[in-house]
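Here is a protein chain to walk through.

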Amino acid sequence: MTSTAIITDNAPDASFLFLPRTGLEVVFARGHGSGNGAVALVDLLWPQRIRSVVRAGLSCWERPALIADAELLVTELVTNALRHGRGDVGVRLSFATGHLRIEVRDGSPEVPEPQAASSLDEGGRGLFLVEAIADDWGISDDGFITWCALYLHDAP
């Protein structure tokens with residue numbers, strides 16, 4: 001049996017589904033003002049909240065070696081979803097044979113593409129970081145999900 005619960009009192013409209021052996025899923029509603037290249041003030045804490053969930057899940061699964069990379073990857077993908085997507089944001093971590101898969105659903109069919117950022121730009125490097133850190137990454141055929149994978153090099 002699985003259950004859904006609120007993450008924290010500070011996270012309205014969020015659900016958290018933890019499947020002890022196979023993965024976890026978090027879905028949250030973005031605040032008004034996020035999208036079209038901006039992240040609303042009310043949404044600025046979401047990447048930190050999701051990092052905490054990822055850290056807790058990977059600790060529970062006895063995968064501490066994945067925590068730092070997974071936290072950075074999920075931060076970049078969630079920030080991109082908030083900045084460029086629409087509707088609810090969904091984050092899913094799942095284990096498959098030999099890898100951890102991180103998926104972020106952004107509610108937009110527009111396909112994300114790495115952007116050329118100048119040395120003076122504060123943003124615009126997220127997908128380059130994902131490409132550099134993840135062992136594999138891609139975008140679903142419908143454009144709604146950006147995913148990445150980290151290979152499991154050791155047994156828990």
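Which residues have the most contacts inside the largest nonpolar core? They are Ile-50, Leu-100 and Ile-102, and the core has 31 residues. A nonpolar core here is a set of buried Ala, Val, Leu, Ile, Met, Phe, Trp, Tyr and Cys residues joined through side-chain atoms within 4.5 Å. Buried means under 20% relative accessible area, exposed over 50%, and partly exposed in between, with a 1.4 Å probe and protein chains only.

This is a predicted model, in which local features need pLDDT of at least 70, side-chain atom pairs count only at pLDDT 80 or more, and totals for chains, interfaces and linings use all residues. Residues are numbered from 1 along each chain as its sequence is written, and side-chain values use heavy atoms, with hydrogens and water left out.

At least two core residues each come from strands E3 (23-28), E4 (89-96), E5 (99-105) and E7 (145-151), and from helices H1 (46-60), H2 (67-84) and H3 (126-133). H2 gives the largest share, 8 residues. These elements are DSSP runs numbered from the N terminus: helices (H or I) of at least four residues and strands (E) of at least two.

Two strands pair if DSSP finds at least two bridges between them. E3 and E4 run antiparallel and are joined by 6 bridges, while 7 bridges join E4 to E5, also antiparallel. Ser-94 of E4 is the bridge partner of Gly-23, and in E5 the bridge partner of Ser-94 is Arg-101. The hairpin of E4 and E5 has 2 residues between the strands, and Gly-98 takes a positive phi near 85 degrees there.

Is Trp-147 buried or exposed? Trp-147, in strand E7, counts as buried because its relative accessibility is 16%. Leaving out residues up to four places away in sequence, Trp-147 touches residues including Arg-101, Ile-102, Trp-137 and Ile-139. Arg-92 is 55 residues from Trp-147 along the chain, and their C-alpha atoms are separated by 9.2 Å.

Thr-79 lies in helix H2. The side chain of Thr-79 reaches the backbone oxygen of Thr-75 at 2.8 Å. Beyond four places in sequence, Thr-79 touches Val-39 and Pro-47.

Technical notes
Contact means heavy atoms within 4.5 Å. A polar contact is a pair of N or O atoms within 3.5 Å; within protein, one must be able to donate a hydrogen and the other to accept it, and residues adjacent in sequence count only if both atoms are side-chain atoms.
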